[in-house]
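Here are my notes on the model, point by point. Please read them with the structure open.

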Amino acid sequence: MKSLKVVFLGTPEFAKASLEAIHQSHHEVVGVVTVADKASGRGQKINQSPVKVFAVENNLPVFQPEKLRNPEFLEELRKLDADVFVVVAFRMMPKILFEMPKMGTFNLHASLLPDYRGAAPINYAVINGEEKSGATTFFINEKIDEGNILLQEELAILPDENAGSLHDRLMEMGSKLVVKTLDGLAENSIIERPQPNVSHPKNAYKIFKEDTKIDWTKSSKEVHQFILGMSPYPAAFTTLKIGEEEKGLKIFNGKFELSNHRKSVGSLDISKNEFKIYTKDGAYFPLELQLEGKKRMNVKDFLNGFRSFEEIKLA
């Protein structure tokens, strides 16, 4: 089978799995483009992206341009004479870059396009209670996640699966799909096809802090899916009022039950063994949580941290 020369562009763990799969295949990675190193955390420690760490460990040439239109960077990439660029979890690319390789540039996206275009497809598939997700490889064009589809594979979402677990399964599946796509392009056996024209495709907009707040007026099932879809990252939160003090409470996991009750939505029932938050059609029971300033813990350890429950309310 023909071997392709590949430039890989990506940043997080999700992308690293695909880079590793290409590196282990018979295709040749001639260059890796990733985000610039940045200082973060208390000691302003310099952090390298997972993609860079893998590239350095495997002696792959690394490029970390501040600007993707930088003429020197573009010239360096041209010299690599790659057949194809592969993009996984990277940033918006200018036309001058994605049109450079002979065969074009394709992207791996963690959804069944055209649904869930955007930055957070895995989170929204879980939040919306979908029964299936999947991965799509497609040629990049000037519109976000709208290019012609190359290959697509489905994956069933498991009952009570959270975004973290689905992320890991799609990462594994997606890395294999990337290599399969390279093989198909090398053999000229893939027929690219336009994305289906759907009048209202489901969106997966970028998630901001204010989007992670739990709305207790929703149904128990919706609350449950929202918490799973935000877990473990960026994490759904509510605000507790403990006496006169307000503190954020992240909830990572729990269960719910449906019931006809006369309690007001958002009211609490707390005892030594149970933490119950009333919804419009039942109650939600947080099982794994993290109070602002504390570490993540199970509900029993959380409840053991209080002498009295009478002053605890939802803010």
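1. Asn59 is exposed, because its relative accessibility is 71% and the cut-off for exposed is over 50%. The model is a predicted one. Asn59 sits in the loop between α2 (50-57) and β5 (62-63). Its phi is near 55 degrees, a positive value in a residue other than glycine. Most residues other than glycine have a negative phi, so such a value deserves a look.

2. Tyr116 also has a positive phi without being glycine; the value is near 60 degrees. Is Tyr116 buried or exposed? Tyr116 counts as buried, because its relative accessibility is 5%, and buried means under 20%. The residue is found in the loop between β7 and α5.

3. That loop, between β7 (105-109) and α5 (121-127), is also the place of Pro114. A cis peptide bond joins Leu113 to Pro114, with omega about 15 degrees. Please check this stretch with both features in view: the cis bond at Pro114 and the positive phi of Tyr116.

4. Where is the other cis bond listed here? The peptide bond from Ser231 to Pro232 is cis, and its omega is near 5 degrees. Pro232 lies in the loop between α7 (220-229) and β10 (236-242). Most peptide bonds are trans.

5. Now the helix pair. Helix α1 (residues 13-24) packs against helix α6 (residues 163-187) at an angle of about 35 degrees. Their axes are 8 Å apart. The crossing is right-handed. On the α1 side, the residues that meet α6 are Glu13, Phe14, Ala17, Ser18, Ala21 and Ile22. On the α6 side they meet His167, Leu170, Met171, Gly174, Ser175, Val178, Val179 and Leu182.

6. Thr181 has its place in helix α6 too. Thr181 counts as buried because its relative accessibility is 0%. Which residues does Thr181 contact, leaving aside its neighbours within four places in sequence? They are Phe106, Thr137, Leu150, Leu151 and Ile190.

7. Leu289 is found in strand β14 (residues 282-291). With 0% relative accessibility, Leu289 counts as buried. Beyond its neighbours within four places in sequence, Leu289 is in contact with residues including Leu249, Lys250, Ile251, Phe252 and Phe275. Further contacts of Leu289 include Met297, Asn298, Val299 and Phe302.

8. Asn298 belongs to strand β15 (residues 297-298). Asn298 counts as partly exposed because its relative accessibility is 36%. Not counting residues up to four places away in sequence, Asn298 touches Leu287, Glu288 and Leu289. Asn298 and Gly43 lie 30 Å apart, C-alpha to C-alpha, and 255 residues apart in sequence.

9. Last, the whole protein. Its secondary structure comes to 8 helices and 16 strands. The C-alpha trace spans about 70 × 45 × 30 Å along its principal axes. Of the 315 residues, 49% are buried. Among contacts between residues at least 6 apart in sequence, 65% join residues at least 24 apart.

Notes: Residues numbered from 1 in each chain as written. Predicted model: local features only at pLDDT ≥ 70, side-chain atom pairs only at ≥ 80, totals over all residues. Heavy atoms only, no water. Helix = DSSP H or I, 4+ residues; strand = E, 2+ residues; numbered from the N terminus. Buried < 20%, exposed > 50% of the residue type's maximum accessible area, 1.4 Å probe, protein only. Contact = heavy atoms within 4.5 Å. Axes fitted to C-alpha atoms, helices over the stretch in contact; angles between N-to-C directions. Left-handed = near helix turned anticlockwise from the far one by under 90°.
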